[in-house]
Amino acid sequence: MATKISPERRAHIGVEKRARTRATILSAAFHLLGRPNGRSTRIEEVCGIALISRGTFYNYFSDIDELFEVLTYEMSHEFNVAVQELMRTLPICAMRVALAIRYYLHRARQDPSWGWAMVNLSSVGPIFGSDTFQYATASVQEGIESGEFKLQSVTIGRDMMIGTVLASMTTLLRQEQEHDHPEKVVRQILSAFQVPPSVIDDCVAIELLDLPLQVP
């Protein structure tokens, strides 16, 4: 005699199955975007890797842009939260900005698939995702208001910072650089913000702790 499944259990199974399919789609997209030429990823490729139909894809995402937006969040949110927690322990804005930049660049070197996915996703949306973009804007504004950064505008400072980090991340992924390359990038950015050299020395001397490297 067949075992009857309660409506509650049936609903729970449906939720679990939907979550697994969504995770499979995100994992497939990450696999494709985590390559040097990943920015050209299409829905058909994602469906092929995930072993789903195009119709199933649209049950979860309205288009490729929504998939990219969700993937960016999934890739960066926990990492950003962990970085933000450490940043709160530092006394000045320059140190907090330096810490975030170093973590992003060192992680790209440690996990090239993550790095390429972030670079490729930045070409179709806010650089490093909307969360990071907003953090960068707020950090530059704080630095200007505190007098640490001598910049004409928040927008210019933010673009200088995240644009340089994006270009530097691409360089690290394409060709091996010296181990302290991220720290050299930080020095140049903070120098452009007119932070005193002695403060910059303190910024790049802060020890980096291990952070979660979770990916979809």
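Trainee: What should I know before I start?

Mentor: The model is predicted, so local features need pLDDT of at least 70 and side-chain atom pairs count only at pLDDT 80 or more, while totals for chains, interfaces and linings use all residues. Residues are numbered from 1 along each chain as its sequence is written, and side-chain values use heavy atoms, with hydrogens and water left out.

Trainee: How many helices and strands are there in the protein chain?

Mentor: Helices (H or I, at least four residues) and strands (E, at least two) are DSSP runs, numbered from the N terminus. Here you'll find 10 helices and zero strands. The C-alpha atoms fill a box of roughly 80 × 35 × 30 Å along the principal axes.

Trainee: And how do I read a nonpolar core?

Mentor: In soluble globular proteins, nonpolar side chains tend to be buried together. Buried means under 20% relative accessible area (1.4 Å probe, protein chains only), and a nonpolar core is a set of buried Ala, Val, Leu, Ile, Met, Phe, Trp, Tyr and Cys residues joined through side-chain atoms within 4.5 Å. In this chain of 216 residues, 45% count as buried. The largest nonpolar core has 67 residues, and Val46, Phe57, Leu67, Phe149, Met169 and Leu190 touch the most other members. Helix 5 gives the most to this core, with 11 residues.

Trainee: Which residues does Phe57 touch?

Mentor: Contact means heavy atoms within 4.5 Å. Leaving out residues up to four places away in sequence, Phe57 touches Ile25, Ile43, Val46, Cys47, Ile52, Asp63, Ile64 and Leu67.

Trainee: What about pockets?

Mentor: Rolling a probe the size of a water molecule over the atoms shows where empty space is left. On a 1 Å grid over the protein atoms alone, using a 1.4 Å probe, a pocket is an open set of points with protein on both sides within 12 Å along at least five of seven lines; lining residues have an atom within 4 Å of a point. A volume is the space filled by probe spheres set on the points. The largest pocket has about 260 Å³. Its lining has 13 residues, with Glu69, Thr72, Pro126, Gly129 and Ser130 closest to the centre. Helix 4 gives the most to that lining, with six residues.

Trainee: Which residues lie nearest the centre of the second largest pocket?

Mentor: Those are Tyr103, Gln110, Leu209, Asp210 and Leu211, out of 10 lining residues. This pocket holds about 160 Å³ of space, and helix 5 (residues 93-110) gives the most to its lining, with four residues.

Note on methods: Buried means under 20% relative accessible area, exposed over 50%, partly exposed in between (1.4 Å probe, protein chains only).
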